[in-house]
Amino acid sequence: MPLNPRALLRGMPFRARLTVAFSLLFLLAGAALLAFVVLLARYGTAQQLKGIEITKGDVPSGGGFATVRGQPTDPQGTLPPSVGPRDDFAMVRQFDQTVQAVQDTALRQMVLWSAVGLLVMALLAGLVGRWLAGRALGPVAAMTEATRRISEQNLHQRLALTGPDDELHRLADTFDTMLDRLERSFESQRRFVANASHELRTPLAVQRTSLEVGLADPLPEGLADVREDLLAANREAERLITALLLLARSDRGLEETETVDLSAAARLVAAELAPQARSEHVDVEVSADRQLTVLGDPVLLRHLLTNLVRNAIQYNHPGGRVRVRLDGRTLTVANTGPPVPADRVPDLFEPFRRLTQDRIGTTGHGLGLAIVRSIAEAHGTGATAEPGRPGGLVVTVRFP
């Protein structure tokens, strides 16, 4: 399959393309200059030869004769018997051949060494071009690294590129302006979620109190079940609002940090959720090879563990197991629930997403793993999940 030069160049990094461009440009310019010099040298040499005249001069000390306009004579003006017109013609012809040979040899040597010098200089030009390209692309590399570090958790960071007001500086300023707009948008969204959740908690609390007081025992037949259904819906709404507040808080990042013992926190969470595990007939086991301490927010980290263990218990089957393991700097929570399709795993980390239904369901509010991911990202890490064998889900959080 023939190589396509354009496709090959497009596949090269930008710095390599600049290096090749510098080298080829220098090579083409040098080749053109060399051809120009060779042509001029050949033309100039031919012109000089045309103007050469054979003139009479002194006889060399070693003997011989001189020629005037190609006519050989001796010093006394008489033609030697051994020199005739044919000898004169042969001598001039030999002279022309010698000059031509010298000219060709000089041109060949000049072309050879000029070509060698041109290749060496083209290589040096490529190295210098690569260095210049690196210097020119240095700010771009710095901008790329800064952009990779910026996420929704640290939108306050800026590129803040220094230097002359050129195209790169204007590009960095434009990117910083875009980050300003994004930061304001994210902050507005987080404030709205937090404020709306706070505002909704009060009417829900009033509603629950009214149900408990206004529908207190004794009740007419049939109203007791209605009261329990209303109270259950009220408690679910309160849990949803609490989860939204927690999600908004974790999205804002960490304000204060302290050392947290995750091993002890995991055992406390397992003990708190033991009644739910018994009612669901699920066995919960916590194991740790050594103490795992993490620098972070203790409340958020406890919520991370609670959501992971509660989800593992809730989405399980009677007689199932939940294994919480702390190995090194890694937290793993695995259960034996129903099979989870691998292509649906990323959706579980989205808010209000469930495996079978979206935004509707009899249990849960679809925020558990979304909160886990948000808290993990606030602590400088992330949460990953994969289907378990033969069923269930394995969620892993690796702390830095």
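Two residues are in contact when heavy atoms lie within 4.5 Å of each other. Please keep in mind that this is a predicted model, in which local features need pLDDT of at least 70, side-chain atom pairs count only at pLDDT 80 or more, and totals for chains, interfaces and linings use all residues. Residues are numbered from 1 along each chain as its sequence is written, and side-chain values use heavy atoms, with hydrogens and water left out.

**View 1. N311 and its contacts.**
N311 sits in helix α8, which spans residues 298–314. Setting aside residues up to four places away in sequence, N311 touches N335, G368 and L369. With a relative accessible area of 18%, N311 is buried. Here buried stands for under 20% relative accessible area, exposed for over 50%, and partly exposed for what falls in between, with a 1.4 Å probe and protein chains only.

**View 2. The whole protein chain.**
Welcome to the overall picture. The protein chain contains nine helices and nine strands. Both are DSSP runs numbered from the N terminus: helices are H or I with at least four residues, and strands are E with at least two. Of the 400 residues in the protein chain, 29% are buried. The chain exposes about 25,600 Å², and carbon and sulfur atoms supply 60% of that area. Accessible areas come from the Shrake-Rupley method with a 1.4 Å probe, and for residues only the protein chains shown count as cover. Among contacts between residues at least 6 apart in sequence, 66% join residues at least 24 apart.

**View 3. Helix α9 and its cover.**
How many of the 11 residues of helix α9 are buried? Nine of them are, so this helix, residues 368–378, is largely enclosed by the rest of the structure. The buried residues of α9 are G368, L369, A370, I371, V372, S374, I375, A376 and A378. Their cover includes helices α5 and α8, together with strands β8 (383–387) and β9 (393–398). After α9 comes G380, whose phi is positive, near 80 degrees.

**View 4. Helix α5 beside helix α9.**
The axes of α5 and α9 are 8 Å apart, and the two helices pack at an angle of about 25 degrees. That makes α5 roughly parallel to α9. Axes are lines fitted to C-alpha atoms, for helices over the stretch in contact, and angles between N-to-C directions run from 0 to 180 degrees. Angles under 35 degrees count as roughly parallel, over 145 as roughly antiparallel, 65 to 115 as roughly perpendicular, and the rest as oblique. The crossing of α5 and α9 is left-handed, a term used if the near helix is turned anticlockwise from the far one by less than a right angle, with right-handed used if clockwise. On the α5 side, A243, L246, L247, S250 and D251 make the contact, and on the α9 side A370, I371, S374, I375 and A378 do. The residues of this contact divide into seven nonpolar, two polar and one charged. Ala, Val, Leu, Ile, Met, Phe, Trp, Tyr, Cys and Pro count as nonpolar, Asp, Glu, Lys and Arg as charged, and the others, Gly among them, as polar.

**View 5. Helix α5 crossing helix α8.**
Helix α5 (residues 223–251) and helix α8 have axes that come within 11 Å and cross at roughly 130 degrees. The two helices are therefore oblique to each other. Their crossing is left-handed. L246, R249 and S250 in α5 meet V299, L300, H303 and N307 in α8. The residues of this contact divide into three nonpolar, three polar and one charged.

**View 6. A closer look at H303.**
Which residues does H303 contact, leaving aside its neighbours within four places in sequence? They are L246 and I375. H303 is found in helix α8, and its relative accessible area of 29% makes it partly exposed. The C-alpha atoms of H303 and I371 are separated by 8.3 Å, although these residues are 68 apart along the chain.

**View 7. Two loops with backbone details.**
Most residues other than glycine have a negative phi, and most peptide bonds are trans. H281, in the loop between α7 (274–279) and β4 (283–288), has a positive phi near 60 degrees. H281 is exposed, with a relative accessible area of 56%. In the loop between β8 and β9 lies P390. A cis peptide bond joins R389 and P390, with omega about 5 degrees.
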